[in-house]
Amino acid sequence: MRVFFFDLDGTLLDTLGDIGNACNAVLARHGYPTHPLADYRRFVGRGFDKLVRDTLPAAAELEPPALTQLVEETRQHYGRHMCDTTRPYEGIIPALETLAAKGCPLAVLSNKPEEHTVDLVQRYFPSIPFVLVRGGRKNVPLKPQPQALLDMAETMHTSVARVLYVGDSDVDVQTARNAGTTSVGVAWGFRGPAELRAAGADHIIDAPAQLIELTVEI
């Protein structure tokens, strides 16, 4: 049976509103221009530090301590408001329940800070028996570097050949390729099918129920 590793933002949860509102609130507080929420589809995916850096205007020249403080301020604001509008995608909970019932081990790997990743999974998926939930951690390279995924597979005592990594962006496809796993792109996420096709996703699905078709190893 296949092992399913999932990205979080744009794959299991629609978090775009809460991410964008948190960043915009801090940008406005410091006198920087804000962005339409739709623009955050392009900002997310490579970790919180890069998210904050990319939302700053090109002319902003912050010394490292000031940038670190701005990232931390945004992280804290997001932590207080990360459940304001966030919701699981339609059909994802039944699909996860079916995968679990079929005996497929499930895990989450996100570039979102680990404390936020764990909190969101516990809040929105209490019935899903995820074996392991990991987010961005110090001293562990973020996706698309493969180390975190490989470490999770080792902890779960599973071969990477059995793993399907499910995500919504080119970062997720690259992560799967770098780790030697199969990539599954979700068309309902932040980036859309065109990016997933261009990145070379092994599979692209349009609805969570299609995950069930991928459970049998070829």
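What follows is a conversation about a predicted model of one protein chain.

Reader: What kind of model is this, and how are the residues numbered?

Author: This is a predicted model, in which local features need pLDDT of at least 70 and side-chain atom pairs count only at pLDDT 80 or more, while totals for chains, interfaces and linings use all residues. Residues are numbered from 1 along each chain as its sequence is written, and side-chain values use heavy atoms, with hydrogens and water left out.

Reader: How many helices and strands are there in the protein chain?

Author: The protein chain has nine helices and eight strands, where helices (H or I, at least four residues) and strands (E, at least two) are DSSP runs, numbered from the N terminus. Its radius of gyration is 17 Å, close to the 17 Å that the globule rule gives for 218 residues, so the chain is as compact as a globular protein of that length. That radius is taken over C-alpha atoms, and the globule rule is 2.2 Å times the number of residues to the power 0.38.

Reader: What does the C-alpha trace span, and how many residues count as buried?

Author: Along its principal axes the C-alpha trace spans about 55 × 30 × 30 Å. Of the 218 residues, 52% count as buried, and buried means under 20% relative accessible area, exposed over 50%, and partly exposed in between (1.4 Å probe, protein chains only).

Reader: New topic: at what angle do the axes of helix 3 and helix 4 cross?

Author: The axes of helix 3 (residues 48-55) and helix 4 (residues 64-81) cross at roughly 110 degrees and come within 10 Å; axes are lines fitted to C-alpha atoms, for helices over the stretch in contact, and angles run from 0 to 180 degrees between N-to-C directions. Helix 3 and helix 4 are therefore roughly perpendicular to each other, given that angles under 35 degrees count as roughly parallel, over 145 as roughly antiparallel, 65 to 115 as roughly perpendicular and the rest as oblique.

Reader: Which residues in helix 3 and helix 4 meet?

Author: Phe48, Asp49, Val52 and Arg53 in helix 3 meet Leu67, Leu70, Val71, Thr74, Arg75 and Tyr78 in helix 4, where contact means heavy atoms within 4.5 Å. The residues of this contact divide into six nonpolar, one polar and three charged; Ala, Val, Leu, Ile, Met, Phe, Trp, Tyr, Cys and Pro count as nonpolar, Asp, Glu, Lys and Arg as charged, and the others, Gly among them, as polar.

Reader: And helix 4 with helix 6, are they roughly parallel or roughly perpendicular?

Author: The axes of helix 4 and helix 6 (residues 114-124) come within 11 Å and cross at roughly 10 degrees, and that makes helix 4 roughly parallel to helix 6. The contact is made by Arg75, Tyr78 and Gly79 of helix 4 and Glu115, His116 and Leu120 of helix 6.

Reader: Which residues does the cis peptide bond join?

Author: The cis peptide bond joins Lys143 and Pro144, with omega about 15 degrees, and Pro144 lies in the loop between strand 5 (132-136) and helix 7 (147-155). Most residues other than glycine have a negative phi, and most peptide bonds are trans.

Reader: Where is Asn139 found, and what is its phi?

Author: Asn139 is found in the loop between strand 5 and helix 7, and has a positive phi of about 70 degrees although it is not a glycine. At 78% relative accessibility, Asn139 counts as exposed.
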